[in-house]
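Please read this briefing alongside the sequence and the three-dimensional view.

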Amino acid sequence: MPSRPLVVPVILGTPRRGRMSAHAARLMCEQLAARPRVETELIDVAELPIPVDDAGEAVKDATFAEKMNRADALVLVVPEYNHGYPGLLKHVLDTNLKEYIHKAAGIVGVSAGVFGGARVIQNLIPVLRELGLVTIFWDVNFTSVGSRFDEQGRLLDESFLNRIEKFLDELLWMAETLRHGREQVTIGGSG
Amino acid sequence: MSTPPMRCGKCGGEMNHQADKLVHPVTAAEVAAMTPALDGVIEAVFACPACGWIDARRADEPPALGR
């Protein structure tokens with residue numbers, strides 16, 4: 001069993017005011033924090049001091065980069081805007097590269113309608129792949145998000161908890177397996 | 001010719017070469033070295049078995065043919 005806890009931050013992927021995704025992100029943090037040997041924290045893209053007058057690793061923020069370096073997996077909570085992902089999330093993700101390689105990523109889609117972010121998840125997967133992240137086959141889809149949480153952000157439909165449990169089981173399995181690979185398996189060493 | 005081992009910037013341990021990632025070129029020399037088959041430059045990515053730290057450097061050698 002690894003001696004270090006798994007580090008799994010949750011990225012809240014939108015700066016939009018009144019965002020319901022914040023409730024989903026806090027819920028994911030709570031569920032992760034309840035797991036043994038897991039460290040988590042909420043990272044809000046709206047609070048990162050990353051300038052927008054340049055792009056990519058040129059505007060890397062040292063604190064965010066160190067958090068990505070320490071991470072074993074990421075949970076991305078992402079609302080669907082015009083079938084795509086929020087531009088600021090892409091801008092933030094693009095500031096790092098080596099920090100993501102061979103680490104697990106799970107996506108929590110959020111939408112006001114019935115698709116639960118299904119289209120943003122499909123659009124985000126190729127981006128994560130190019131960044132070197134390994135996406136899992138479980139998603140969480142918060143359909144009709146306006147009716148899933150009360151005004152204090154409490155989950156109103158506990159049926160989501162079972163889905164989150166399956167999502168996190170898979171994510172943490174991948175995180176642990178990929179950590180072993182990163183640290184113990186040399187590329188090209190088996191050919 | 002083997003490349004020297006990568007040392008962890010956090011704990012000093014020897015790092016594991018865990019990935020070769022194709023990335024966009026930065027310098028003019030890297031742009032000039034690009035080929036139609038290798039549309040970018042290779043960055044060797046390392047992880048520290050002791051503390052988990054990640055680091056990277058440009059690969060010194062192109063990948064061997066047939067790999």
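**Backbone and overview**

In chain A, the loop between β8 (140–142) and α5 contains A:S144; helices here are DSSP runs of H or I with at least four residues, strands are DSSP runs of E with at least two, and both are numbered from the N terminus. This is a predicted model, in which local features need pLDDT of at least 70 and side-chain atom pairs count only at pLDDT 80 or more, while totals for chains, interfaces and linings use all residues. Residues are numbered from 1 along each chain as its sequence is written, chains are lettered from A and ligands numbered from 1 in the order in which they are written, and side-chain values use heavy atoms, with hydrogens and water left out.

**Positive phi angles**

- Although A:S144 is not a glycine, its phi is positive, at about 45°.
- A:S144 counts as partly exposed, at 22% relative accessibility; buried means under 20% relative accessible area, exposed means over 50%, and partly exposed lies in between (1.4 Å probe, protein chains only).
- A:H102, also a residue other than glycine, has a positive phi near 60°.
- The loop between α3 (87–93) and β6 (103–110) of chain A holds A:H102, and this residue is partly exposed with a relative accessible area of 28%.

**Chain B**

- Chain B has one helix and three strands, arranged along the sequence in the pattern β-α-β-β.
- Chain B has 67 residues, of which 34% count as buried.
- Of the contacts in chain B between residues at least 6 apart in sequence, 48% join residues at least 24 apart; a contact means heavy atoms within 4.5 Å.

**Interface between chains A and B**

- Chain A contributes 20 residues to the contact, and chain B contributes 22 residues.
- About 1600 Å² is buried between chain A and chain B, 53% of it on carbon and sulfur atoms; buried area is the accessible area (1.4 Å probe) that two parts lose on being put together, summed over both.
- On the chain A side, the residues that lose the most area to chain B are A:N69, A:K98 and A:I187, together 33% of what that side buries.
- Two salt bridges are counted between chain A and chain B; a salt bridge is a side-chain nitrogen of Lys or Arg within 4 Å of a carboxyl oxygen of Asp or Glu.
- A salt bridge joins the side chains of B:K21 and A:E130, at 3.1 Å from N to O.
- Nine residue pairs, both members at pLDDT 80 or more, are in polar contact between chain A and chain B. A polar contact is a pair of N or O atoms within 3.5 Å; within protein, one must be able to donate a hydrogen and the other to accept it, and residues adjacent in sequence count only if both atoms are side-chain atoms.
- In chain A, α2 (62–70) and α5 (159–184) each supply at least two residues of the side that touches chain B.
- With four residues, α5(A) gives the most to that side of chain A.

**Salt bridges**

- Over all chains, the count is 20 salt bridges.
- A:E41 and A:K67 meet through their side chains in a salt bridge of 3.2 Å, N to O.
- This pair links distant parts of the chain, 26 residues apart: A:E41 is in the loop between β3 (38–39) and β4 (42–44) of chain A, and A:K67 is in helix α2 of chain A.
- A:E41 is partly exposed at 33% relative accessibility, and A:K67 is partly exposed with a relative accessible area of 30%.
- A:R119 forms a salt bridge with A:E80, with the closest N and O atoms 2.7 Å apart.
- A:R119 lies in helix α4 (residues 118–130) of chain A and A:E80 in the loop between β5 (73–79) and α3 of chain A, so the pair ties together parts 39 residues apart in sequence.
- A:R119 is partly exposed, with a relative accessible area of 31%, whereas A:E80 is buried, with 13%.
- The side chains of A:E99 and A:K98 form a salt bridge at 3.5 Å, N to O, and both residues are buried.
- A network of salt bridges links A:E57, A:K60, A:K98 and A:E99.

**Cysteines**

- Zero disulfides are counted over all chains, a disulfide being a pair of cysteine sulfur atoms within 2.5 Å.
- B:C8 is in no disulfide, and the nearest cysteine sulfur, that of B:C51, is 3.5 Å away.
- B:C8 is buried at 6% relative accessibility, whereas B:C51 is partly exposed with a relative accessible area of 30%.
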